[in-house]
Amino acid sequence: MTTRNILAGLLLAAVFVTGRSVIAHHAFGAEFDPNAPIRLQGKVVRLEWVNPHTWIHIETVKDGKPEIWMVEGGTPNTLLRRGITRDTVAVGTEVIVDGYQTKDHSLKRANGRDVTFADGRKLFMGSSGTGAPRDGSDPIEGGTKPAPKKPGGK
Amino acid sequence: MRNILVGLAIASVAATSLAAQAPKTIAKPAALRTSDGKPDLQGVWTNATITPLERPQNIKDLVLTEEAAARMEKAVTDRRDRLNEPSDPNRTAPPQGGDGSTGAAGNVGGYNNFWLDPGERVAIVDGQRRSSLIIDPPDGRIPALTQEARTRQQARAKLAMGRGQYDHPEYRPLAERCLLSFGPTTPLVPNYFYNNNLQIVQTPDHVMILMEMVHDARVVRIGGTHLPKHIRPWMGDSIGHWEGDTLVVDTTNFPPQQNFRGASENLHVVERFRRADDKTINYRFTVDDPTTFTAPFTGEIPFRAMEELIYEYACHEGNYALGNVLSGARNEEKRLGSKQ
């Protein structure tokens, strides 16, 4: 399955289970322009591992000129609990992003609707069972902290 | 971002307590009691669960069979595995005009599933696997809203959709402004998204509940009376007392801006914290607001001990979104030539 509408999918699930829509930190629909879809491919130049949302900076090339784009992800806390830090993805790693540009087109910012390595693998692996949060209630969790994941990239 | 321990609020609460504590003979294991003999609720806990607040309409009973619970849990992990699969590296930009997503993803999608951590287990309380967090009314559903509440909801929705909603940062939602979490803070119901973790620090005089989302500390005074009506802290005013081994916390004085399930500032929440075993607190909450709900409702949530600390969720530090939303609105105004 592709990663389309992942947050939407979760929201639909949340609506299903809770019977009402969930209001997340902010409405992406208020921030990004549905009439400005983008596909970016470039190298990671910086990761802002900040709350409320992570921003991945990548350098792309348009008409022969370099551009720096900022790509919005989710909270870093969940990844930190899995041992994934901002150093897990090396500067220079090539990634592909699809998303939508901010409504302010003077900003080179977009949501990271799907962020992958150049070969399509997800930048990180979702995990709600083996890494985060370990609460001690499940014997299969064991007693050791999971080793930091190093996807490596290309 | 750094892995930061909880903040000064805890330290200040903790510092006031030590001198007042006197050793007493205690019957239960010492590790589960504080030095003044009260049940020790301290630690880092998670309330993450896939059990919804309200029972799905197609499930009748509160208690799930082991098989039904296993099926629900497997559905969650199967979905996660699907979403972990690689994408097409030759994919193009998403559709012009939006991708059809709804809710907070508002027609532009959100971000990858790997950022999320909504939990993967059903809630187990007193050995029962639960189909809903709400246990009363018996159907596990929030009672109907009053007519007053429905009118209020419509007015809020109209305001939120109306022209001018982007004119000032203070018109934006509390979560977007990093003032409160998008999930409930009182009562402590999971947000079903991520960071459903909290830390409790306890003294004879105060109990502090620090929620990872969004680094909010609610300080409960033990004993005393509520603040005057005109003082309305963001998370309400909490006072507590002990009933045997249960901590009972009574919260009123909510500000009108909070909106737990459509509640008004007349919201009244009573929470009961009871240590079930060395890894679990049984948390029970009752919500009452006669101006909003046609009857009170009660829920139960297991808080499970975590072996890890809470990460600081310094929401203001990286909140580019608020600026993006406002500058996006200015851009739209210029485009439409209707700048006011």
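**Chain B and its contact with chain A**

In this predicted model, 78 residues of chain B are in contact with 80 residues of chain A. On the side of chain B that touches chain A, the elements that give two or more residues are helix H2 (66-84), strand E13 (297-305) and helix H4 (320-336) of chain B. Of these, H4(B) gives the most, with eight residues. Divided by class, this side of chain B has 34 nonpolar, 27 polar and 17 charged residues. For the model as a whole, the scores are ipTM 0.86 and pTM 0.84.

The confidence of the prediction can also be followed along chain B itself. The mean pLDDT of chain B is 89, and 90% of its residues reach 70 or more. Over residues 1-28 of chain B, however, the pLDDT is below 50, although this stretch has 41 contacts in the model beyond near neighbours in sequence. Where pLDDT is low, the predicted coordinates should not be read in detail.

Chain B contains four helices and 13 strands. Its radius of gyration is 22 Å, which is close to the 20 Å that the globule rule gives for 340 residues, and chain B is therefore as compact as a globular protein of that length. Taken along the principal axes, the box filled by the C-alpha atoms of chain B is roughly 75 × 50 × 45 Å. Buried residues account for 41% of the 340 residues in chain B. Among the contacts in chain B between residues at least 6 apart in sequence, 63% join residues at least 24 apart.

The buried residues of H4(B) are Ala321(B), Leu322(B), Asn324(B), Val325(B), Leu326(B) and Gly328(B). An α-helix has 3.6 residues a turn, so residues three or four places apart point the same way. What covers the buried residues of H4(B) includes elements of chain A, namely helix H2 (28-31), strand E4 (94-102) and strand E5 (109-111). Just after H4(B), Gly337(B) takes a positive phi of about 65°.

Among the strands of chain B, an open sheet of three has the order E2-E4-E3, with antiparallel pairing. Its edge strands, each of which pairs on one side only, are strand E2 (63-64) and strand E3 (124-125) of chain B. Two bridges link E2(B) with strand E4 (residues 128-130) of chain B in the antiparallel sense, and here Val63(B) has Arg130(B) in E4(B) as its bridge partner.

Strand E7 (residues 206-211) and strand E8 (residues 216-222) of chain B run antiparallel and are joined by six bridges, with Ala217(B) in E8(B) as the bridge partner of Leu210(B). These two strands, E7(B) and E8(B), form a hairpin with four residues between them, and in the turn His215(B) has a positive phi of about 65°. By contrast, E8(B) pairs in the parallel sense with strand E9 (residues 237-243) of chain B, over two bridges, and Ile222(B) stands opposite Gly240(B) in E9(B).

In chain A, Ala118(A) lies in the segment after strand E6 (114-117). With 15 other C-beta atoms within 10 Å, Ala118(A) is partly exposed. Although Ala118(A) and Val95(A) are 23 residues apart in sequence, their C-alpha atoms are 5.1 Å apart in space.

Technical notes. Residues are numbered from 1 along each chain as its sequence is written. Chains are lettered from A and ligands numbered from 1 in the order in which they are written. This is a predicted model: local features need pLDDT of at least 70, side-chain atom pairs count only at pLDDT 80 or more; totals for chains, interfaces and linings use all residues. Two residues are in contact if their C-beta atoms, placed from the backbone, lie within 7 Å. Ala, Val, Leu, Ile, Met, Phe, Trp, Tyr, Cys and Pro count as nonpolar, Asp, Glu, Lys and Arg as charged, and the others, Gly among them, as polar. Two strands pair if DSSP finds at least two bridges between them. The radius of gyration is taken over C-alpha atoms; the globule rule is 2.2 Å times the number of residues to the power 0.38. A residue is buried if 20 or more other C-beta atoms lie within 10 Å of its own, exposed if 12 or fewer, and partly exposed in between; C-beta atoms are placed from the backbone. pLDDT is the predictor's confidence in each residue, from 0 to 100.
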